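Please keep the sequence and the structure in view while reading.

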Amino acid sequence: MKRLLFIGDVVGESGCDFLSKKLSRIKKDNNIDITIVNGENSAKGNGITPFSADCIFKAGADIITTGNHAFHKKESSSVFENEFIIRPVNYPDGCFGKGVCVADMGAWSVAVVNLMGTAFMEPLDNPFSRIDEVLAEIDIPNIIVDFHAEATSEKKAMGYYLDGKVTAVLGTHTHVQTADECVLEGGTAYITDAGMTGPEKSCLGVDIKPVTDKLRFHMPVRFTEAGGICFLCGVIVEFDEKCGKTHKIERLIIR
């Protein structure tokens, strides 16, 4: 059995700092074999930069996934030169970066796929069609999918669609950890959203007042990263590396 730690969207400098302080202990206490972190909001404002990616790797991540903010910084092209930083695989051909990476752990390997939903999101290639194409090219049993999507229904549908085909379908993007973690009938771990890592007293990591003003007055505002005490959200997945089936998934919240 192997144990995967998956950490939801890291938000800003405070999220990166909190991850740096907590990740090593979490991995040790939980006998973690591989760690995946979603870093698409790790830079100031959102997006990812070489600096924020380096912070996440130094904290102890093995692979960084992203999402709809993958290309929001001018440094994006250099970020995705790293083979262990991936962007959604259903971006059109021609986008820099890649959507799949394989981590060679010695006696076993893990393929990580970054996939993005299209309901209430950007009109990318159909995620259901694209994931079929991707899976046809992967010949190892351990496959982790970070499904970065807005709609709960789309995430649930993807979980059931991939049940028995992948090791885990782990949702990101909404920053609010859901309580529906489970192992589906075919042995695939699922959660609608793993949550976020960053300031807990916030609106998805953003200072509360500007968000409230935007919703009240519908006027342009400048969002700023919230301050205060942080928390870390994610899941731990225990799986059989010989066949890729999951035996257990549990939510993790560190305050």
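Which residues do ring pairs link into a cluster? The cluster consists of Phe71, Phe80, Tyr91 and Phe96. The model is predicted, so local features need pLDDT of at least 70 and side-chain atom pairs count only at pLDDT 80 or more, while totals for chains, interfaces and linings use all residues. Residues are numbered from 1 along each chain as its sequence is written, and side-chain values use heavy atoms, with hydrogens and water left out.

**Aromatic rings**

Rings of Phe, Tyr and Trp (its six-membered ring) pair if their centres lie within 6.5 Å; planes under 30 degrees apart count as stacked, over 60 as edge-to-face and the rest as tilted. Five aromatic pairs are counted by this rule. One of them joins phenylalanine 71 and tyrosine 91: the ring centres are 4.9 Å apart and the planes meet at 65 degrees, so the pair is edge-to-face. Phenylalanine 71 lies in the loop between β4 (63–65) and α3 (76–79), and tyrosine 91 in the loop between α3 and β5 (100–104), so the pair ties together parts that are 20 residues apart in sequence. Helices (H or I, at least four residues) and strands (E, at least two) are DSSP runs, numbered from the N terminus.

The table gives relative accessible areas, where buried means under 20%, exposed over 50% and partly exposed in between (1.4 Å probe, protein chains only).

| Residue | Relative accessible area | Class |
|---|---|---|
| Phenylalanine 71 | 25% | partly exposed |
| Tyrosine 91 | 8% | buried |
| Threonine 246 | 7% | buried |

**The sheet and its helices**

Six strands form an open sheet in the order β5-β6-β7-β8-β10-β9, with mixed pairing. Two strands pair if DSSP finds at least two bridges between them. At the edges stand β5 and β9 (182–183), each with a single partner strand, so one side of each is left without a neighbour in the sheet. Strand β6 (residues 109–116) pairs with β5 in the antiparallel sense over five bridges, and cysteine 101 stands opposite valine 112 in β6. Helix α4 (residues 127–135) packs on the sheet and touches β5, β6 and β7 (143–148); contact means heavy atoms within 4.5 Å.

**Threonine 246**

Strand β13 (residues 245–254) contains threonine 246. Not counting residues up to four places away in sequence, threonine 246 touches Thr167, Val183, Gly187, Ala189, Val237, Glu238 and Phe239.

Methods
Axes fitted to C-alpha atoms, helices over the stretch in contact; angles between N-to-C directions.
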